[in-house]
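Subject: Structure handover

Hello,

Here is the structure for you to look at. My notes follow it.

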Amino acid sequence: MNNRSPALLKFFDNLKEVGTLLSMSKLNVLTSRDREINESLSRASILLLCSHIESFLEDLVCDILVCHEYNQIPIARLPVKLKTIQTLRKPILDSLSSEKKWRIIQSISESDFTDETEICRQGMFNAELHLKGFASPGSAAVESLFDGIGISRVWNLVEQKDSSVNWKISLDGFISRRNGITHGASSDKPTIEDVKTYVRDLCQIVRIFNLIASQYLVNEFEITDPWQISF
């Protein structure tokens with residue numbers, strides 16, 4: 001079985017950009033100018049890393065949805081929360097007018113996901129319903145993202161795979177630092193070694209999430225090779 005999702009392959013390909021930045025750093029810092037160069041490269045690398053981890057998580061969710069379509073999973077077997085998000089599209093809020101509420105109700109009857117005698121087909125899922133608003137991917141946002149497609153309590157699963165580090169706290173610490181840099185925290189002066197540590201940690205996080213997604217599809221839907229996707 002191929003355990004490497006398209007999202008994982010793309011992440012490691014994107015990671016080459018960070019490697020390029022790090023290769024431009026000054027190994028022997030002798031002047032203040034050298035330090036400024038390394039700090040700038042480190043800050044830029046952290047921003048790039050955040051973009052790539054965010055893209056990976058979004059891509060992994062999309063890969064799971066495409067896997068459902070490609071393997072023609074019966075609608076009846078899909079997680080209820082996934083079907084609810086795909087069917088409702090917009091929450092029925094008390095603040096909405098009766099007309100808008102009725103339009104949402106009408107759209108439910110037209111949804112393919114309400115017919116549990118059917119199977120998934122190509123182009124059936126609207127991934128944007130899950131990804132909209134997902135940004136600056138802290139642990140809470142990540143948990144909500146994966147809960148929406150049927151993988152509940154994802155950080156518990158992460159801990160089961162690797163408890164050597166609290167990866168939830170590790171991700172939040174990285175995102176907090178990235179946010180500070182984004183909002184102009186000039187006093188934060190990350191080093192090249194800091195970036196290398198973040199790269200190492202984030203690589204482990206994506207591997208764990210890739211494994212969780214792979215095992216989820218194999219165990220819950222009996223898909224032998226979940227990433228053999230080709231329409």
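Glutamine 72 is partly exposed, because its relative accessibility is 48%. The cut-offs are these: buried is under 20% relative accessible area, exposed is over 50%, and partly exposed lies in between, with a 1.4 Å probe and protein chains only. Glutamine 72 sits in the loop between H2 and helix H3 (80-88). Its phi is near 50°, a positive value in a residue other than glycine. Glutamate 222 also has a positive phi, about 50°, and is not a glycine. Glutamate 222 lies in the segment after H9 and counts as exposed, at 55% relative accessibility. For context, most residues other than glycine have a negative phi.

Some ground rules. This is a predicted model, where local features need pLDDT of at least 70 and side-chain atom pairs count only at pLDDT 80 or more, while totals for chains, interfaces and linings use all residues. Residues are numbered from 1 along each chain as its sequence is written, and side-chain values use heavy atoms, with hydrogens and water left out.

**Overall fold**

The chain has nine helices and zero strands. Helices (H or I, at least four residues) and strands (E, at least two) are DSSP runs, numbered from the N terminus. The order from the N terminus is α-α-α-α-α-α-α-α-α. The C-alpha trace spans about 70 × 50 × 30 Å along its principal axes. Of the 231 residues in the chain, 41% are buried. Contact here means heavy atoms within 4.5 Å. Among the contacts with a separation of 6 or more, 77% join residues 24 or more positions apart.

**H1 against H2**

How do the axes of H1 and H2 cross? The axes of helix H1 (residues 6-23) and H2 come within 9 Å and cross at roughly 175°. Axes are lines fitted to C-alpha atoms, for helices over the stretch in contact, and angles run from 0 to 180 degrees between N-to-C directions. H1 and H2 are therefore roughly antiparallel. That label applies over 145 degrees; under 35 is roughly parallel, 65 to 115 roughly perpendicular, and the rest oblique.

The H1 side of the contact includes Leu8, Phe11, Leu15 and Val18, and the H2 side includes Leu49, Ile53, Phe56 and Leu60. The residues of this contact divide into 15 nonpolar, three polar and four charged. Ala, Val, Leu, Ile, Met, Phe, Trp, Tyr, Cys and Pro count as nonpolar, Asp, Glu, Lys and Arg as charged, and the others, Gly among them, as polar.

**The core**

The largest nonpolar core has 58 residues. Such a core is a set of buried Ala, Val, Leu, Ile, Met, Phe, Trp, Tyr and Cys residues joined through side-chain atoms within 4.5 Å. The residues with the most contacts inside it are Leu49, Phe56, Leu57, Phe146, Phe174 and Phe209. Two or more residues come from each of H1, H2, helix H6 (139-147), helix H7 (154-161), helix H8 (167-182) and H9. H9 gives the largest share, 15 residues.

Leaving out residues up to four places away in sequence, phenylalanine 56 touches Ala7, Leu8, Phe11, Val206, Phe209 and Asn210. Asparagine 210 is in helix H9 (residues 192-221). Asparagine 210 is buried, because its relative accessible area is 4%.

Histidine 68 belongs to helix H2 (residues 32-70). At 0% relative accessibility, histidine 68 is buried. Beyond its neighbours within four places in sequence, histidine 68 is in contact with Ile73, Leu78, Leu82, Cys120, Phe125, Leu217 and Phe221.

Isoleucine 104 is in helix H4 (residues 98-110). It is buried too, at 9% relative accessibility. Isoleucine 104 and proline 79 are 25 residues apart in sequence and 21 Å apart in space, C-alpha to C-alpha.

Cysteine 67 is in no disulfide either, and the nearest cysteine sulfur, in cysteine 120, is 9.8 Å away. Cysteine 62 is partly exposed, with a relative accessible area of 22%, whereas cysteine 67 is buried at 0%.

Best regards

Definitions and conventions:
A disulfide is a pair of cysteine sulfur atoms within 2.5 Å.
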